[in-house]
Amino acid sequence: MSEPAIKLEDWAQGIPMRAGPVSLGLYQPSPETMEYWRGIERRELMIRHCGHCNRFFHPKRIVCSDCGSPDLTWKKAAGNGKVYSFSEIHRAPSEAFAKGAPYINGIVRLEEGVHLFTRFIPDPGLVKIDAPARLDFRVLESNWLLPVFLVG
Ligand SMILES: [Zn+2]
């Protein structure tokens, strides 16, 4: 199966995101998040790192929220985390999402300390709080390749 590529040159105008007939809004990436999306194309999860206080962030930040340093660089996340919270969706908001229901959305806490909203994929076990989660990439209802986390 071929995966749809994100057309980076279209970003300046914003990209309408849809899941079937449901609009998910206009996605308008910024220069501060560009490396995050380019990383996804390479199947890498890129996060920001403060060289001054050694803290990691999820985009989008232009200065460190701890120490105020502008010394931020991009680093590849190791891809390991734990389930911080989750919700199992049985009644999907649209037909496009219903195809995958039940599905599990939630927040993963990466070993770098970053919290990230994501889709959890039980593989093969159950999703539960503090369960180990490992990074993978899937094409979701928006038809975009996105980071997800396998649990189990
Ligand atoms: Zn800092």
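**View 1. Strands E7 and E8 side by side.** Strand E7 (residues 103-110) and strand E8 (residues 115-122) run antiparallel and are joined by six bridges. Here strands are DSSP runs (E, at least two residues), numbered from the N terminus, and two strands count as paired if DSSP finds at least two bridges between them. Look for Ile 107, whose bridge partner in E8 is Phe 117. What you're looking at is a predicted model, where local features need pLDDT of at least 70, side-chain atom pairs count only at pLDDT 80 or more, and totals for chains, interfaces and linings use all residues. Residue numbers start from 1 along each chain as its sequence is written.

**View 2. Strand E10 and its partners.** E8 runs parallel to strand E10 (residues 145-151), with four bridges between them. Strand E9 (residues 132-139) runs antiparallel to E10, joined by seven bridges. Val 148 in E10 is a handy landmark: Arg 119 stands opposite Val 148, and Asp 136 has Val 148 as its bridge partner. In the E9 and E10 hairpin, five residues sit between the strands, and Asn 143 takes a positive phi near 70°.

**View 3. The open sheet.** Three strands line up as E4-E3-E5, with antiparallel pairing. Strand E4 (56-57) and strand E5 (72-76) are the edges, each pairing on one side only. Five bridges link strand E3 (residues 46-50) with E5, and the bridge partner of His 49 in E5 is Thr 73.
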